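Please consult the sequence and coordinates shown here alongside the text.

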Amino acid sequence: MSGAFLNETAVVEPPSNRPVSRKSPCVATAAEAMENYKGNGAGTWYEDDADAEDTAGRFAFQRLRKTWFTPQVDPRFKLRRDDKFYAIGSCFARGLERFLAKHNIGIESAAPEFAKLQPAKTRVTALGFTNKYNTYSILNELRWALDPNATFPLRSIAQLTETTWYDPHTNPTLNFTGLEETLERRALMQTVTKRIRNCRAVIVTLGLAEAWRDVQTDVFVNCTPLAVAYTLKPSAAPSLFTPEPDRYEFHLTNFAENWANLEAIYALLSRYGHPDFHIVVTVSPVPLMNTFSTMDIVVANTWAKSLLRAVAQEWAGAHPNVDYFPSYEIVQNSDRAAVWEPDLRHVRSSGIQHRCTKS
């Protein structure tokens, strides 16, 4: 097993919380704005004389009556079928991987080496182990894999019991195991993540704005410390709060933090990635499972998705090789019965199929 990540702890410095000072994402003359208005076939919500039942109409109130909402998308760049893809982020990234693999498109993030890993629950893919839910965890994983000066913080590996350990920078999808195998999984994760360097197409899916920081190592982890208990029955696995109740602190991240993380991701790929890399950024429509704020879960979810949706659009507007794809809007504006599983949280496979074919 490689020991390259067993050196001194490297800390990811949290970005400044100062507001982002940038120009408006779009500034146009009156003439240019009118040209936008006239040339946008999907730019009007409603017109008095339009037939509401005409689902082939161009107005939003007509198109939103279809089972599946299909937004107008005008990408600034085209990806090729022979491109290698790398998907990183929340569970929607795994759905994209399955779709691309089914159509014989190279997807480096769905590495065959992950197939040997055994998930703790049935009907769950081992690839869920790779999910990255917040912008800190996406940035961390890319830094540890790509930046030769960044070292994985070994002290952040948490001991659960006398014989089991957990890497909190992964998703607790797999059975918990001893330290040696936990570190082998970590080495595999970093080996696969390095393959993003060969990928012209990178898909980044933003999931959560709530995040947890390991106070001891000053590094943000991937998901809530309670997620460990959710993997198995609560009686079979403790949360990370059990051995060290004061080790982790909760953060509601803001626009500036997420913007800084995305910019750091862009800088990493510019320096170490494919020389002609292109990013498609999406926002996962899957809602929060729980909130650790005082907000109603529905309010907390709306706040978080709104924040991530705004920062994704700003990021795409700042770089010619970053495009936003409206997967969030497709799901939220399609027929609820067609889109969602009964838990109103997981998107049906037909929903993944629709979003992918429209991309």
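**Second largest cavity**

By class, six nonpolar, three polar and three charged residues make up the lining of the second largest cavity. Here Ala, Val, Leu, Ile, Met, Phe, Trp, Tyr, Cys and Pro count as nonpolar, Asp, Glu, Lys and Arg as charged, and the others, Gly among them, as polar. The model is predicted: local features need pLDDT of at least 70, side-chain atom pairs count only at pLDDT 80 or more, and totals for chains, interfaces and linings use all residues. Residues are numbered from 1 along each chain as its sequence is written, and side-chain values use heavy atoms, with hydrogens and water left out.

The volume of this second largest cavity is about 80 Å³. Strand S1 (85-89) and helix H5 each supply at least two of its lining residues; helices (H or I, at least four residues) and strands (E, at least two) are DSSP runs, numbered from the N terminus. The lining includes Tyr86, Arg94, Glu141 and Met189.

**Largest cavity**

The structure holds three cavities of 30 Å³ or more, a cavity being a set of points on a 1 Å grid over the protein atoms alone where a 1.4 Å probe fits but cannot get out, with lining residues having an atom within 4 Å of a point. The largest has a volume of about 100 Å³. Of its 14 lining residues, Phe129, Tyr166, Asp167, Thr170 and Arg185 lie nearest its centre. H5 provides the largest share of this lining, three residues.

**Positive phi angles**

Asp218, although not a glycine, has a positive phi of about 55°. Asp218 lies in the loop between strands S5 (210-214) and S6 (219-220).

How values were computed:
On a 1 Å grid over the protein atoms alone, a cavity is a set of points where a 1.4 Å probe fits but cannot get out, and a pocket is an open set with protein on both sides within 12 Å along at least five of seven lines; lining residues have an atom within 4 Å of a point. Grid points are joined across faces, edges and corners, and a volume is the space filled by probe spheres set on the points.
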